[in-house]
Amino acid sequence: MAAQESSAARDTERWLCAGLALARQEGLDPEAVSRGVPWLLATLAESPSLPPPALLWDLGRLVSGQPLAHALHVPDTLPRLRAAVRAYDDHVLARLAADPRLEAVSAALARLPEALRPRGMAFLVARLLGRIGFTEGLQASPGVARRTLERPPSELLQAGYAGLREHDAVLERLAESYEALARGTRRTHALLGDAEAFTLENLEHLQGKAQRLALEQVVEAAEVLSRALPPRMRARAVTSAPTPTALEDDAAFPQGGFSSVSNVGSLENLVTSELVYMEDEPTLDLFDVRYVEGELLYYTRDESVAVRRRRQVTFVLPPGFAEARVKDAGVRWQRAVAALGLVLCLVRRLSVWLGEEDLRFQVVVTWDGAGTGPLEAERGLCELLLREWRARGIAEVLTLPDLGTVLAASSEAARRAKVDVVYIDAAPEALAAVAPTDPRVGLWRLDLSGAHPRVDAPRDAPGRIEESPGSTRPPRPEAPWESWAGVTLELARSLL
């Protein structure tokens, strides 16, 4: 047994060193090696199944914006490893370098604190391996791997170069890993997605792996649901009049330009031709006289006011939403995760489609009990999902006692804005009791009580499409996920 453990430790050491020596680094030196060791240790903590170590160094160079160097020449005595490394260059590194989301991922990783970057790199590698379905990694003992990586970087490089001159089962296993990387990449549509950039942007605020996994799944669901929506949709007619509102920079930069000339103004708006009256003589000149008499000319600005329509969209999550924490056959995520993905998808798209309006979003969790509510995890997740919009002051996450309080606040806001409320619940009896109290408030009910979600609105809700007499609803599609795509499109049209 001891001999087997010693042999496994030697194989792990040779695998790590040989794989590290294949990294595409210009002048691979001890400093470059030591820079990537924390990434490899963090990856080891993420999962005991390690990819070829060179992947971490190559990916780290790509996300830092540096070009990759030429590959290390693999001896002719290792034809399989040589071909596998070439395929890895062509299918993995080339795809990553050309991925349109690489820039967003790089920016998110660069904004992380220095202490969190190894963890961010480990997350990025784990996501990449998960996307391509990589399962051919080395099941390394954490203790052996850590002990190996604690050696001086120069010794690791020497051991790696020496290991590449020998043909044995360890290098065959390394070749298999490179082949699996290339094979998985060829089958994958996209190597990077919104979930990677979004999670890295919020990595500093995530508390534990469970919350990180939930965030990843919600962003993935939003990304898939967005494919059901067209790039552009026309907003429906709004009867409310335009309301003067404040734009982002109107305090520093007035909306209008120079519109006329006046005898009143500040020196920075002085007509430059007035400077001709200034003289170098120490006595009183004509410029001073005109200034005292108020005859100097100044440009005056057009004090125009930006006018936009006000819109408010409120998503309500009652306690019954907790019953949506179930997973249906044919759907990758729980109903609750898909519903939060739908919320994120609509916030993103409405922000673009209604970008010319004064748009506000609210996510309201209703709970009138004492202590922590049943949706505290969902509330924290929504704060992370809407962090970008919350920072811009156009979104907020609230906790209110009940739906009546939400509708009362919406009725008050409806005096100045067009208000829509989306009530999301998995308890059918609670949905049946929901009724609008103000005809100016659009109330949309998303029913998650079954595998096929359904959108319904009271008959007097604005924007409701009445069915003609004798018409029947189309039959529900066989695949539940098609229902989610249809619900997303229906809600998007209703909210517009």
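The stops below begin with the whole chain and then turn to individual elements and residues.

This is a predicted model, in which local features need pLDDT of at least 70 and side-chain atom pairs count only at pLDDT 80 or more, while totals for chains, interfaces and linings use all residues. Residues are numbered from 1 along each chain as its sequence is written, and side-chain values use heavy atoms, with hydrogens and water left out.

**The whole chain**

Display the chain as a cartoon: 18 helices and 12 strands are present. Helices (H or I, at least four residues) and strands (E, at least two) are DSSP runs, numbered from the N terminus. Of the 496 residues, 48% count as buried; buried means under 20% relative accessible area, exposed over 50%, and partly exposed in between (1.4 Å probe, protein chains only). Among contacts (heavy atoms within 4.5 Å) with a separation of 6 or more, 77% are between residues 24 or more positions apart. Switch to a surface view, where the chain exposes about 24,600 Å², with 52% supplied by carbon and sulfur atoms. Accessible areas come from the Shrake-Rupley method with a 1.4 Å probe, and for residues only the protein chains shown count as cover.

Select Phe258, Val261, Leu297 and Tyr299, which make a nonpolar surface patch of about 340 Å². Patches are made of residues with over 30% relative accessible area and no salt bridge; like charges are joined within 9 Å, and nonpolar side chains (Val, Leu, Ile, Met, Phe, Trp, Tyr) within 5 Å. Val261 belongs to strand 4 (residues 258–262) and counts as partly exposed, at 48% relative accessibility.

Next, select residues 54–63, which form helix 3; 10 of its 10 residues are buried. Among them are Trp57, Asp58 and Arg61. Continue to Gly65, which follows helix 3 and has a positive phi, near 85°.

Then select Leu96 in helix 4 (residues 79–98). Leu96 is buried, with a relative accessible area of 1%. Beyond its neighbours within four places in sequence, Leu96 is in contact with Leu59, Leu62, Leu102, Leu128, Leu191 and Leu192. Leu59 and Leu62 are among the buried residues of helix 3. For a distance check, draw a line from Leu96 to Thr185: the two are 89 residues apart in sequence and 9.8 Å apart in space, C-alpha to C-alpha.

**Salt bridges**

Side chains of opposite charge can pair when their charged atoms come close. A salt bridge here is a side-chain nitrogen of Lys or Arg within 4 Å of a carboxyl oxygen of Asp or Glu, and the whole structure has 27 salt bridges.

- Select Glu155 and Arg151, whose side chains meet in a salt bridge (3.5 Å, N to O). Glu155 is partly exposed at 36% relative accessible area, and Arg151 is partly exposed at 24%.
- Select Glu216 and Arg212, which form a salt bridge with the closest N and O atoms 3.2 Å apart. Both residues are buried. They are 4 residues apart in helix 11 (residues 208–226), and are therefore separated by about one helical turn.
- Select Arg360 and Asp358, where the closest N and O atoms of the salt bridge are 2.7 Å apart. Arg360 is partly exposed, at 35%, whereas Asp358 is buried, at 10%.

Now select Arg127, Arg131, Glu196, Arg212, Glu216, Glu220 and Arg332 together; salt bridges that share partners join these residues into one network.

Centre the view on Arg127, in helix 6 (residues 117–132). Arg127 is buried, with a relative accessible area of 11%. Apart from neighbours within four places in sequence, Arg127 is in contact with Ala195, Glu196, Glu216 and Glu220. The side chains of Arg127 and Glu220 are joined by a polar contact of 2.5 Å. A polar contact is a pair of N or O atoms within 3.5 Å; within protein, one must be able to donate a hydrogen and the other to accept it, and residues adjacent in sequence count only if both atoms are side-chain atoms.

Finally, select Arg349 in helix 13 (residues 335–353). The side chain of Arg349 instead reaches the backbone oxygen of Ser226 at 3.0 Å. Not counting residues up to four places away in sequence, Arg349 touches Ser226, Leu229, Pro230 and Pro231.
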